[in-house]
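I opened my notebook to get to know this model one look-up at a time. Here is what I went through, in the order that I took it.

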Amino acid sequence: MTAFTTALDLTSDVADLTAALIDINSVSGNERELADAVEAALRSLPHLQVTRDGDAIVARTELGRDERVILAGHLDTVPLPLTAGSRGTVPSSWDGEVLYGRGTTDMKGGVAVQLALAARLADPARDVTYVFYDHEEVEASLSGLGRLVVNYPELLQGDFAILLEPTDGTVEGGCNGTSRFEVTTVGKAAHSARAWMGQNAIHAAAEILTRLRDHEPATVAVDGLEYRESLNAVKIHGGTAGNVIPDRTVVEINYRFAPDKTPDDAEAYVRNLLDGFSVIRTDAAAGARPGLNHPAAADFVAAVGAEPKPKYGWTDVARFSALGIPAVNFGPGDALLAHTDNEHVPAEAIRECFRALDRWLSA
Ligand SMILES: [Zn+2]
């Protein structure tokens with residue numbers, strides 16, 4: 001237990017604020033200290049209504065504007081690097097104008113931008129809801145955002161949501177859905193010395209692999225963005241011993257599908273491709289349409305001046321999409337550096353993201 005809360009200066013340079021956030025270790029499950037500091041800083045701002053739920057915090061302007069925008073980011077990080085000498089750790093460190101530390105890109109730069117905007121925009125042109133949440137980097141059932149959706153749906157209402165995950169300053173709209181399947185072949189066990197008495201379930205799986213290998217994944221245009229799908233065997237298991245004809249093989253498949261498909265559409269697609277085999281869906285999460293035709297979204301893209309791109313991985317924009325709120329990713333830092341041992345971000349990238357959102361929300 002910490003006896004006191006670290007005071008965050010939300011009016012300091014946004015890159016320095018990022019460093020201060022990194023210096024409070026907040027690996028998933030250990031967000032309390034950072035959440036306390038964020039809550040205290042937000043409660044000192046009289047223009048915000050602040051609600052805390054576990055280690056998640058929602059802060060809202062209540063100006064009665066026509067439109068409400070949500071800016072969301074997670075407080076947690078993945079574990080610290082184990083390799084000695086790694087710079088993507090805690091505390092943060094500077095190399096010239098480049099900030100190193102765990103969470104620099106994923107995503108304390110984005111959280112610093114949210115906090116700096118929250119302090120600066122006492123009278124924004126659009127009402128703003130700032131959402132900070134815990135447990136993003138772990139299994140989806142623990143997600144602080146998922147918990148807020150259940151506990152405080154009314155606080156998450158809005159016209160448009162921006163997740164400040166790292167996109168290197170570009171706008172990434174929507175995301176592909178994801179689903180997993182188990183495809184099973186059944187044979188007949190026998191001693192391998194008398195193989196003709198059995199039926200080989202591993203050999204039977206060859207046809208599954210052939211169809212997957214020959215399958216051409218589609219690229220699908222949704223609301224003007226091109227989503228590239230992928231369908232792959234990701235695991236295979238079968239066989240019991242070196243002298244037994246295997247009687248069962250399971251091929252696990254991961255299908256990343258464009259956001260014009262529902263999980264049921266995706267399942268029908270896989271069943272059709274693997275017609276004749278036993279297919280069981282084990283997991284599915286819907287994608288999110290980019291929703292860039294919504295006026296608030298179009299206005300945002302124009303103000304930021306970036307060419308929108310599709311997001312292939314599944315992200316929390318899908319949770320907003322499920323609430324009927326179009327959502328995009330827009331944040332500082334290179335997503336490819338996220339979770340790496342030498343995670344870093346140029347200070348200027350954080351400042352530029354802050355300036356772009358400040359311009360748009362003030363106009
Ligand atoms: Zn992240």
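**The whole chain**

I started with the chain as a whole: of its 363 residues, 50% count as buried, where buried means under 20% relative accessible area, exposed over 50% and partly exposed in between, with a 1.4 Å probe and protein chains only. I noted that this is a predicted model, in which local features need pLDDT of at least 70 and side-chain atom pairs count only at pLDDT 80 or more, while totals for chains, interfaces and linings use all residues. Residues are numbered from 1 along each chain as its sequence is written, and side-chain values use heavy atoms, with hydrogens and water left out.

Next I looked up the secondary structure and found ten helices and 19 strands; these are DSSP runs numbered from the N terminus, helices (H or I) of at least four residues and strands (E) of at least two. Along the principal axes, the C-alpha atoms fill a box of roughly 80 × 45 × 40 Å.

I then picked isoleucine 22, in helix α1 (residues 14-22). Buried or exposed, I wondered about isoleucine 22? Isoleucine 22 counts as buried because its relative accessible area is 0%. Its C-alpha atom is separated by 62 Å from that of alanine 193, 171 residues apart along the chain.

Aspartate 106, in helix α3 (residues 104-120), and glutamate 165, in the loop between β7 (160-163) and β8 (172-173), are 59 residues apart, a pair linking distant parts of the chain. I saw that both aspartate 106 and glutamate 165 are buried.

**The largest pocket**

I looked up the largest pocket and found about 600 Å³ of space in it. Of its 24 lining residues, the closest to the centre are Glu136, Glu165, Trp314, Thr315 and Asp316. For my own reference: on a 1 Å grid over the protein atoms alone, a pocket is an open set of points with protein on both sides within 12 Å along at least five of seven lines, where a 1.4 Å probe fits, and lining residues have an atom within 4 Å of a point. The volume is the space filled by probe spheres set on the points, which are joined across faces, edges and corners. Helix α9 (residues 317-322) gives the most to the lining, with three residues.

**Backbone notes**

I found a cis peptide bond from valine 90 to proline 91, with omega near 0 degrees. Proline 91 sits in the loop between β3 (68-74) and β4 (93-95). Another cis bond runs from aspartate 106 to methionine 107, with omega near -10 degrees, and methionine 107 lies in helix α3.

Histidine 135 is not a glycine, yet its phi is positive, near 55 degrees; I located histidine 135 in the loop between β6 (127-133) and α4 (144-151). Aspartate 223, also not a glycine, has a positive phi of about 50 degrees and belongs to the loop between β11 (219-222) and β12 (225-228). I marked aspartate 223 as partly exposed because its relative accessible area is 27%.
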